[in-house]
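This report describes how the copies in a multi-chain model are arranged and how they meet. Please look at the sequence and the structure before reading on.

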Protein chains: 4
Amino acid sequence: MSTSRLEAFSDGVLAVIITIMVLELHIPEEHTWSALTHHVGVGFVTYLLSFVYVGIYWSNHHHMFQLVEHADGAVLWANLHLLFWLSLFPFTTAWLDESKVAEAPTVLYGINLLAAAVAYFTLQLVIFRTAGGQRLREALGGDWKGKLSPVLYLLGIGLAFVEPWLGLVPFVVVALIWLVPDRRVERYLASQP
Amino acid sequence: MSTSRLEAFSDGVLAVIITIMVLELHIPEEHTWSALTHHVGVGFVTYLLSFVYVGIYWSNHHHMFQLVEHADGAVLWANLHLLFWLSLFPFTTAWLDESKVAEAPTVLYGINLLAAAVAYFTLQLVIFRTAGGQRLREALGGDWKGKLSPVLYLLGIGLAFVEPWLGLVPFVVVALIWLVPDRRVERYLASQP
Amino acid sequence: MSTSRLEAFSDGVLAVIITIMVLELHIPEEHTWSALTHHVGVGFVTYLLSFVYVGIYWSNHHHMFQLVEHADGAVLWANLHLLFWLSLFPFTTAWLDESKVAEAPTVLYGINLLAAAVAYFTLQLVIFRTAGGQRLREALGGDWKGKLSPVLYLLGIGLAFVEPWLGLVPFVVVALIWLVPDRRVERYLASQP
Amino acid sequence: MSTSRLEAFSDGVLAVIITIMVLELHIPEEHTWSALTHHVGVGFVTYLLSFVYVGIYWSNHHHMFQLVEHADGAVLWANLHLLFWLSLFPFTTAWLDESKVAEAPTVLYGINLLAAAVAYFTLQLVIFRTAGGQRLREALGGDWKGKLSPVLYLLGIGLAFVEPWLGLVPFVVVALIWLVPDRRVERYLASQP
């Protein structure tokens, strides 16, 4: 079956996730700059971080499905599994923000990042087994980013037990690594006759 | 008329439903693991259950419309009728969660599941009557899953009057039955010349 | 310019409108049937009415753009003008519901319905003037439904000043009139060589 | 890579942004006209202003991508950067509304408008550098609207420090300038062989 509706549905879910997170940014009761920075400063940073993560997942999903032409039931459910973990970002981001980066919320945020990464990896594996999955495997190559990310999430989770703010550092580093435009799929497509 | 816009609109509605349910997961006031499990434990389970149900409806809808090429006004409205009952999931899930699985909310959740199943069944019947509906009828075959589900919903509703948590068991069983990838439409399409 | 993205954007906006209205259905604090009917009974009816109205607009919009192939800037803005009034439905429905159908909220709801109808009518006029608008004009014919609806909205607004519940009657009647599948566009398309 | 999914995702995000802003219009507790005008009067005006701005961005984005056929990673991220600033409109609009146009919220709203304009300008620059970007550059021409808008935003921000309501005037003027249908892309497409 064609992947066009799977892509459209995923686009819809990711579009809603990335946008409703802003509903968790509560406006300050006072109308001053100090109220804004005091009440919304942390929220702005965590919102930006989660926005970038959802953007990364959308961008990677978009690249991945450039190489996938047919999806069976297993791919549909592996994709829904990924969307499930991504759909929890508004919740875990809100708790992280509202707690002003306390220990448990930071660890939970890291677990959410880790679960989404595992779900993405699982989706790749499921696609590898479909007809045409070979193309994705070739395009991804060694996939060092995909392998390094979970290690950094675990590092962040560990650091969060020491000092929550420190735990955010590896999460930001992973985001920066993926922000560098990833040309693997583009190069692969260009190299094909 | 082509079904492409009906599919796009349904994808949009289902994407919003599946995502805004997370807004009903309220973050705990304290920033500890015990607050999380105490206040969000039930909510996480009911969210997961409803997420899986919306995912099943999307997946089945997607398969169904692989076989439907034209939609008239009756199909549009039978589809909107289905979307109406699905759109109540965020409400009935929130009440189920907030009540920590009390009797009335569990029964209401079962009624919502039952109404959505009846609406889906009605949509199938309406499509059967259109030109090309014969293909869907052939692909679905005996449709034992579609016939068993309402029976299990009724069982769950009955059990909920005895012990609400017990009532959830048949609802989970139905979800598991449908989670097994359904290859009827794929097989039918593959069998066609 | 092609209308495909205008249709996709409108589908997205209508999908969000029809779905977020459910967020205005607040769950009752008690977990009993009497609390449900007391607190959510009116809300369910008004939600259903607004859901049907958004469904009607989507269905009519869908039929209309079957006949429109190109859109210029004026069509884009006439369409956004329609979406603006429709986007207020969650607000006016919530006030109607929360007031348990008091006078001012019922009148405001009627004004919203009227404004949306005028915006839809304006969109039709703007399309009539484009190249290809002649097809839509021919398909719509006398358009007695489109002409009767505003009269009934005005009647409902008038009645709401006497007795708010009575004012809802014409609003329900208009919805029922449009619910009858409208085959004008289908017939027109079938009649074309 | 094709731009169709970038357009679909942007449509989804813009559809959610333009629609969830209505959730910030809180219904008045009393059910009278005076309560409505007192509590929602400012909110209606700011909602309308932000609705028009998101509409303008959607319309311009739609025109721009009529001329862009391929998008690389840099275009994806420049587009996400634009969506990020637009996604803050529900927040900055709600603060502006809730403060009844106080100084800091008005300035913040202006900064949001300015940031979105800079992001849009950046997206144009990134597209200019891609293969095929020359077409967009030719179609846009002198782009006096794009150059005047930031100047007017700065003027509005400056005026807001004197008298917040006065600061809104240039923001309304920019919206009116862009509301005039922009035929540059249409003309360019018509002029091409």
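The model is predicted, not determined by experiment. Chain B can be superposed on chain A by a rotation of 90° with 0.0 Å of shift along the axis, and the RMSD is 0.0 Å. That is how copies around a four-fold axis are related. For chain D, too, a rotation of 90° with 0.0 Å of shift along its axis gives a superposition on chain A with an RMSD of 0.0 Å.

Which residue of chain B comes closest to the rotation axis? It is B:Gly12, whose C-alpha lies at 4.2 Å from the axis. In chain D the closest residue is D:Gly12, with its C-alpha at 4.2 Å.

| Chain superposed on chain A | Rotation and shift | RMSD |
|---|---|---|
| chain B | 90°, 0.0 Å | 0.0 Å |
| chain D | 90°, 0.0 Å | 0.0 Å |

## Which chains touch

Some pairs of chains have no contact. Chain A does not touch chain C, and the nearest C-alpha atoms of the two are 8 Å apart. Chain B and chain D are not joined by any contact either, with 8 Å between their closest C-alpha atoms.

Chain D and chain A do touch: 27 residues of chain D are in contact with 29 residues of chain A. On the chain D side, the elements that give two or more residues are α1 (4-20), α3 (73-87), α4 (89-98) and α5 (103-128). Of these, α1(D) gives the most, with 8 residues. Sorted by class, this side of chain D has 20 nonpolar, 4 polar and 3 charged residues.

Do the copies meet through the same surfaces or different ones? Only 17% of the interface residues of chain B are also interface residues in chain A, so the surfaces are different. For chain D, 15% of the contact residues recur in chain A, and here too the copies use different surfaces.

## A loop residue with positive phi

A:Val101 is not a glycine, yet its phi is positive, at about 60°. The residue sits in the loop between α4 (89-98) and α5 (103-128) of chain A. Is A:Val101 buried or exposed? A residue counts as buried if 20 or more other C-beta atoms lie within 10 Å of its own. A:Val101 has 21 other C-beta atoms within 10 Å, so it is buried.

D:Val101 has a positive phi of about 60°, although it is not a glycine, and its place is in the loop between α4 and α5 of chain D. D:Val101 is buried, with 21 other C-beta atoms within 10 Å.

## Two packed helices in chain A

Packed helices are described by the angle between their axes and the distance between the axes. In chain A, α5(A) packs with helix α6 (residues 133-140) at an angle of about 130°, and the axes are 7 Å apart. The two helices α5(A) and α6(A) are therefore oblique to each other.

From α5(A), the contact is made by A:Gln124, A:Ile127 and A:Phe128. From α6(A), it is made by A:Gly133, A:Leu136 and A:Arg137. The residues of this contact between α5(A) and α6(A) divide into 3 nonpolar, 2 polar and 1 charged.

Conventions:
Residues numbered from 1 in each chain as written. Chains lettered and ligands numbered in written order. Predicted model: local features only at pLDDT ≥ 70, side-chain atom pairs only at ≥ 80, totals over all residues. Contact = placed C-beta atoms within 7 Å. Least-squares fit on C-alpha atoms with pLDDT ≥ 70 in both. Helix = DSSP H or I, 4+ residues; strand = E, 2+ residues; numbered from the N terminus. Nonpolar A, V, L, I, M, F, W, Y, C, P; charged D, E, K, R; others polar. Buried ≥ 20, exposed ≤ 12 C-beta atoms within 10 Å, placed from the backbone. Axes fitted to C-alpha atoms, helices over the stretch in contact; angles between N-to-C directions. Parallel < 35°, antiparallel > 145°, perpendicular 65-115°, else oblique.
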